[in-house]
Amino acid sequence: MVPQLQLIGVTGLPEIQTGDNLAKLISQAASAQGTELQSGDILIVTQKIVSKAEDRYVSLCDVKPSSKAQQLGRETDKDPALIELILRESRAIVRHRPGLVISEHNLGMVMANAGIDQSNVADDGRGPRVLLLPRDPDGSSAALRSALGQRFGVELGVIIADSA
């Protein structure tokens with residue numbers, strides 16, 4: 001048999017909320033579309049739904065910018081509260097210019113804005129919120145792998161991926 005690579009998207013997932021059981025939702029959606037996970041499969045899950053389920057939201061109005069964040073905010077034309085979060089989520093600022101901050105995230109990845117997501121994140125009624133990367137993506141991946149493996153009775157891999 002010739003080795004193959006087949007990509008199958010899982011559709012029908014609801015909007016993920018804080019505390020949602022991702023393994024249950026993914027297995028229900030996969031089963032509903034007739035896609036049963038098999039041993040050797042690798043499931044790729046977006047970091048955004050993991051972050052949402054793990055409540056990695058931060059309201060910018062709750063962030064007190066340091067003097068360093070205020071200065072970098074002026075240099076980059078970015079909200080100092082967002083800059084403060086970038087600093088907290090980063091080992092180092094690699095480069096910056098107006099409109100752009102490149103940092104080395106605490107997890108070791110080099111990316112814009114420490115991977116902080118502002119797209120399609122609803123405010124909480126008090127103002128804008130952002131979504132941070134999962135705190136422990138390896139742990140989150142292991143938990144999903146274990147739960148899905150038990151549900152389907154298979155050995156599989158789970159990758160938590162970001163668009164970067």
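**View 1. Helix H1 and the elements that cover its buried residues.** In this predicted model, the cover over the buried residues of helix H1 includes strand S1 (42-46), helix H2 (47-53) and helix H5 (137-152). Helix H1 itself spans residues 22-32, and its buried residues are Leu22, Ala23, Leu25, Ile26, Ser27, Ala29 and Ala30. An α-helix has 3.6 residues a turn, so residues three or four places apart point the same way.

**View 2. The two ends of helix H1.** Just after H1 comes Gly34, whose phi is positive, at about 85 degrees.

**View 3. The packing of helix H3 against helix H4.** Helix H3 (residues 67-76) and helix H4 (residues 80-88) pack with their axes 8 Å apart and at an angle of about 115 degrees, and the crossing in which H3 passes H4 is right-handed. On the H3 side, the residues that meet H4 are Lys68, Ala69, Gln70, Leu72, Gly73 and Thr76, while H4 contributes Pro80, Ile83, Glu84 and Leu87. Sorted by class, this contact of H3 with H4 comprises five nonpolar, three polar and two charged residues.

**View 4. Ser67 in helix H3.** Ser67 belongs to helix H3, and it counts as exposed because its relative accessibility is 62%, where exposed means over 50%. Between Ser67 and Pro80 there are 9.0 Å in space, taken from C-alpha to C-alpha, and the two are 13 residues apart in sequence.

**View 5. The open sheet of three strands.** The strands of this open sheet follow the order S3-S4-S5, and their pairing is antiparallel. Its edges are formed by strand S3 (90-97) and strand S5 (110-112), each of which pairs on one side only. From one strand to the next, the twist averages 25 degrees.

View 6. Strands of a sheet pair through backbone hydrogen bonds, either parallel or antiparallel. Here S3 and strand S4 (residues 100-105) are paired in the antiparallel sense over six bridges, and Ile93 stands opposite Ser103 in S4. Helix H3 packs on the sheet, where it touches S3 and S4, and its direction makes about 30 degrees with that of S3. Helix H4 also packs on the sheet and touches S3 and S4, with a direction that makes about 135 degrees with that of S3.

Note on methods
Residues are numbered from 1 along each chain as its sequence is written. This is a predicted model: local features need pLDDT of at least 70, side-chain atom pairs count only at pLDDT 80 or more; totals for chains, interfaces and linings use all residues. Side-chain values use heavy atoms; hydrogens and water are left out. Buried means under 20% relative accessible area, exposed over 50%, partly exposed in between (1.4 Å probe, protein chains only). Helices (H or I, at least four residues) and strands (E, at least two) are DSSP runs, numbered from the N terminus. Contact means heavy atoms within 4.5 Å. Axes are lines fitted to C-alpha atoms, for helices over the stretch in contact, and angles run from 0 to 180 degrees between N-to-C directions. A crossing is left-handed if the near helix is turned anticlockwise from the far one by less than a right angle, and right-handed if clockwise. Ala, Val, Leu, Ile, Met, Phe, Trp, Tyr, Cys and Pro count as nonpolar, Asp, Glu, Lys and Arg as charged, and the others, Gly among them, as polar. Two strands pair if DSSP finds at least two bridges between them.
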